[in-house]
Amino acid sequence: MSFHRNSSFHPAAQWHAQPLSALPTPSVVIDRAVFTRNSRRMLDAARKQGMQFRVHIKTHKTSEGTRLQLDPFQSGDQGRQRADRLIVSTVEEGWMLVNSGTLRDHGVKSVLYSLPPAPNTLERLATLRAAMAAVDCKLLLMVDLPAQIKAVEVLPHADARPWHVFIKVDAGYHRAGVPVHTKQFEETVKALLESAQTSLYGFYVHAGNSYSATSRDEANTYLDDEITAVTEASSLAREIISANEDLKAKYAESTFVLSVGATPTANAARMKSESEGGSVGMSANADELELHAGNYSLYDLQQFATSMIDEDQIGLFVLSTVCSVYPGRNSDIGEALCDAGGLAMSKDKGPLPGHGNVRSDTGQGLKGWYLGRIAQEHGVLTHSAESAEGKQPTGTVRLPRYGEKLRILPQHACMTLANHPWFYIVDSSLERQGTNWEEWTVRDVWTPAKFW
């Protein structure tokens, strides 16, 4: 049966309770047990650090995944180990949170839209803001340019309350944000503070350049840079406030939220908490330090390359089938063809070679196989003389077999998941010990918010 967007068919009707071996390929599979375990560790670490945690849902974009991230301990209303802050990267993700009841059910206090908004997007965000306000949830904006404040000011203001706004700080990544010690930063702060339609909520930084880290020490350096950047941003903003009597009155009791994080720097904070019980330091002031991350529940090969996670912490794979084999082609062992190409995996790469690694159980003989080349629907499997850990593969290595199902770990989970209309959910913690992974049961199907 074909899967079409305009069809009433949903895969849950056919594949629920079926083994993985029965699924069509290529398909994305998420292990709910790993997803939950990763979510627990990060939230627990943030709490031990005395930090609030803001969950970014951009990787999976689902209500089911968001609920697990907000309350991974399933603690309910009486629990303390819960998050109540979210980040979305698209307007559609925000509507998914509203329409699914996730915000209401989990008492979410605020949702941050994570891009500096274009004028036409602001109009859509204003409508979404009203829907979130109905369940006592704030929609926060992020800006890095005075013109964005002007765009807010010309919106029709059915809601008289000012928008709560983060200023995005650039700490060296140079994707979005404004460096602290610049004229543009000062002008943005002043425009935000002086506008009747906006209120300064805090400062936000994302060290995307931390993805190049290959050790915990390197990631710690990026984390320190993030904290320094937002702390300096807050200090400069307070200098501007202190020089203006009206602003001093408006912000007299204000606590700014200083939001830091990328998955590698969040992992650096987690590891500091787990291994040392140490604290992520910040000089004493009136501000609140907040940690944010997105890919921490699932991970991928890019995160594996930082050396701060193990392969078993990667919570998803692309299920693919071997379509053909070519003994002796381009190497002594040869190559194989599978049905996971660029549209199943994405063409993102990372520090590790190729577009995805074949996961091999002990004795399976597939250690060292990876997607060396891909086209739209073709994935060419090649063999490396070294494993992802830089070691010689142990045991016998063989050529994949025609018709064999493979688990391929993606380089970049966010981009891989974006290529699939739904995700098949398994739970390894519910399987009998020793059960072959191909016989794991499909427990659920998650459908993500699509488009923008």
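Me: What is the relative accessible area of K190?

Reply: K190 has 33%, so K190 is partly exposed. Buried means under 20% relative accessible area, exposed means over 50%, and partly exposed lies in between (1.4 Å probe, protein chains only). This is a predicted model: local features need pLDDT of at least 70, side-chain atom pairs count only at pLDDT 80 or more, and totals for chains, interfaces and linings use all residues. Residues are numbered from 1 along each chain as its sequence is written, and side-chain values use heavy atoms, leaving out hydrogens and water.

Me: Which side chain does K190 meet in a salt bridge?

Reply: Side chains of opposite charge can pair when their charged atoms come close. A salt bridge here is a side-chain nitrogen of Lys or Arg within 4 Å of a carboxyl oxygen of Asp or Glu. K190 meets E186, at 3.1 Å from N to O. E186 is also partly exposed, at 38% relative accessibility.

Me: Where do K190 and E186 sit in helix α8?

Reply: An α-helix has 3.6 residues a turn, so residues three or four places apart point the same way. K190 and E186 are four residues apart in α8 (residues 183-194), about one helical turn. Helices (H or I, at least four residues) and strands (E, at least two) are DSSP runs, numbered from the N terminus. The protein has 14 helices and 17 strands.

Me: How many salt bridges does a search of the whole structure find?

Reply: The search finds 25. One of them joins K61 to E93, with the closest N and O atoms 2.5 Å apart. K61 lies in the loop between β2 (52-56) and α3 (63-70), and E93 in helix α4 (residues 91-99), so the pair ties together parts 32 residues apart in sequence. K61 is buried at 17% relative accessible area. E93 is buried at 0%.

Me: Which other residues are buried in α4?

Reply: Besides E93, they are V91, G94, M96 and L97. The buried residues of α4 pack against α3, β3 (85-88), α5 (102-106), β4 (110-113) and α6 (119-133). Just after α4, G101 takes a positive phi of about 80°.

Me: Is R329 buried or partly exposed?

Reply: R329 is partly exposed, at 31% relative accessibility. Its salt-bridge partner is E335, with the closest N and O atoms 2.7 Å apart. E335 is buried, at 3%. Elsewhere, salt bridges that share partners join R54, D84, R85, K109, E288 and E290 into one network.

Me: Which residues does A46 touch, leaving out those up to four places away in sequence?

Reply: Contact means heavy atoms within 4.5 Å. A46 touches M51, F53 and L291. A46 lies in helix α2 (residues 32-48) and is buried, at 1% relative accessible area. A46 and A269 are 223 residues apart in sequence, yet 7.7 Å apart in space, C-alpha to C-alpha.
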